[in-house]
Amino acid sequence: MGACYNDELSKFYFSATHDRRFSKNIHDNVYGNIYLDPLCLKFIDTEQFQRLRDLKQLGVTYLVYPGAVHSRFEHSLGVYWLADMAIHQIRNHQGLELGIDRFDIQTVRLAGLLHDVGHGPFSHMFEQGFLPRVLNNSKWSHENMSTRMVDYIVDEHNIDIESESLKKVKDMIVASCDHASPNILKEKCFLYDIVANGRNSIDVDKFDYIVRDSRACGLGCNFQSERLMETMRVIGDEICYPAKEYLTIHKLFSARADLHRTVYTHAKVKAIELMVVDALLEANDHLRIDSFVHDPAEYWKLDDSILKTIETAPDQELKEARKLILRIRRRDLYKFCNEFAVPKDKLEHFKDITAQDIICSQVSGRATLKEEDIVVSNIKIDLTRGCSSPLGRY
């Protein structure tokens, strides 16, 4: 399945692209020692990338799971390292057959490193909870902002990188998005599956956050990425795995679903997220938070510290926002009332429930709730392929 090639050439190629004499050694709490190459360090040592230290990977989850204080910075380094390992694993077995060159290796590394530089405060909550309420259904996404931020960093810090490599890095970042251009995947399509896999969702981004999030929250994780990393091969321009790894891949998706059930959508986590969103909405007219998301030169100044800014500001205009944050500090949270799991066979005909639906179903004679008293959270947890198994096509 892979071509044989000269050992001496292989050794030379490895040393030329992976010479640790010119790399910086960092100890990661998941993978141990990882090595950062000179070009990646030029991106890391910028205020825009260092901002990721002030973005918690799991947003407000640390207020429920105290150990969940890890940042987007750690995750980005982890994805960089796994992306580097993946492309080298493929090159070692099929390098000449697939024509993998040093530019391919560099672009995959950079895509792994920079894929999350466009995230906002409190992670997905900012993008999915706050922005839709203030941007009038704009198609804003952190993936697109990541590509704009990459351009901004290159221009602002005069980083010497070939324009074609830069374009490929940005294409790899948005490869899994619904709005990704179909024209980006022209040759070596498998390279675009390593960091953000839009074809089957098996990528090193998931490999990292599933293990890292589970460890930070003190939960067990029976998924081990090492088995998949060691056995990945390219067939028909797509990254494939041996049939015997079927259960390992299933564990990847089931572990992700378990994290959604027990951590990401925990009732208290959702309550705090809703309160933070309400606080940001109350503060938006005064602070104009939404104005920062259109320009990378301003956007990079936004991080999780926005909550402390609101909490400590004396401005009268922020009084209501401060009250909500104070309620969070004092654990006076929005109350969880009930949940209903829609049977799988009913999903197709089930519409999202609204606060108005709840109001209309009230029993007369009891305490009357108003629509503004209720928040309904419609959450869908699956194995990334809707009602279908992601392994169903294999």
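This is a predicted model: local features need pLDDT of at least 70, side-chain atom pairs count only at pLDDT 80 or more; totals for chains, interfaces and linings use all residues.
Figure 1. Two strands pair if DSSP finds at least two bridges between them. Two of the facing positions can be picked out by name. Asn25 has Tyr35 in E2 as its bridge partner, while His27 stands opposite Asn33 in E2. In a regular strand, side chains alternate between the two faces of the sheet.

**Figure 2. Asp208 is a buried residue of helix H9.** Asp208 lies in helix H9, which spans residues 204–216. The relative accessible area of Asp208 is 0%, so the residue counts as buried. Leaving aside residues up to four places away in sequence, Asp208 touches Tyr31, His75, Gly78, Val79 and Leu82. Asp208 also belongs to a network of salt bridges that links it with Asp28 and Arg212.

**Figure 3. Helix H5 is mostly covered.** Helix H5 runs from residue 102 to residue 114 and has 13 residues. From its first C-alpha to its last, H5 reaches 18 Å, close to the 18 Å expected at 1.5 Å a residue. Of the 13 residues in H5, 11 are buried. Among them are Asp104, Gln106, Arg109, Leu110 and Leu114. The N-terminal end of H5 is capped by Asp101, which places a side-chain oxygen 3.0 Å from the backbone nitrogen of Phe103.

**Figure 4. Asp101 forms a salt bridge with Lys188.** The side chains of Lys188 and Asp101 meet in a salt bridge, with an N to O distance of 3.9 Å. Lys188 is in the loop between H8 and H9, and Asp101 is in the loop between helix H4 (72–98) and H5, so the pair ties together parts that are 87 residues apart in sequence. Which of these two residues is buried, and which is partly exposed? Lys188 has a relative accessibility of 18% and therefore counts as buried, because the cut-off for buried is under 20%. Asp101, with a relative accessible area of 29%, is partly exposed.

Figure 5. A search of the whole structure finds 21 salt bridges. In one of them, the side chains of Asp151 and Lys170 meet at 2.9 Å, N to O. This pair links distant parts of the chain: Asp151 is in helix H7 (residues 142–156) and Lys170 is in helix H8, 19 residues apart. Asp151 counts as partly exposed, at 28% relative accessibility. Another salt bridge joins Arg327 and Asp332, whose closest N and O atoms are 3.2 Å apart. Arg327 is partly exposed at 29% relative accessibility, and Asp332 is partly exposed with a relative accessible area of 36%.

Figure 6. Where does Asn197 lie? Its place is in the loop between helix H8 (163–173) and helix H9 (204–216). Although Asn197 is in a loop, its relative accessible area is 4%, so Asn197 is buried. A polar contact of 2.7 Å joins its side chain to that of Asn200. Not counting residues up to four places away in sequence, Asn197 touches Ser176, Tyr192, Ile202 and Asp203.

Note on methods. Residues are numbered from 1 along each chain as its sequence is written. Side-chain values use heavy atoms; hydrogens and water are left out. Helices (H or I, at least four residues) and strands (E, at least two) are DSSP runs, numbered from the N terminus. Buried means under 20% relative accessible area, exposed over 50%, partly exposed in between (1.4 Å probe, protein chains only). A polar contact is a pair of N or O atoms within 3.5 Å; within protein, one must be able to donate a hydrogen and the other to accept it, and residues adjacent in sequence count only if both atoms are side-chain atoms. Contact means heavy atoms within 4.5 Å. The expected span of a helix is 1.5 Å times one less than its number of residues. A salt bridge is a side-chain nitrogen of Lys or Arg within 4 Å of a carboxyl oxygen of Asp or Glu.
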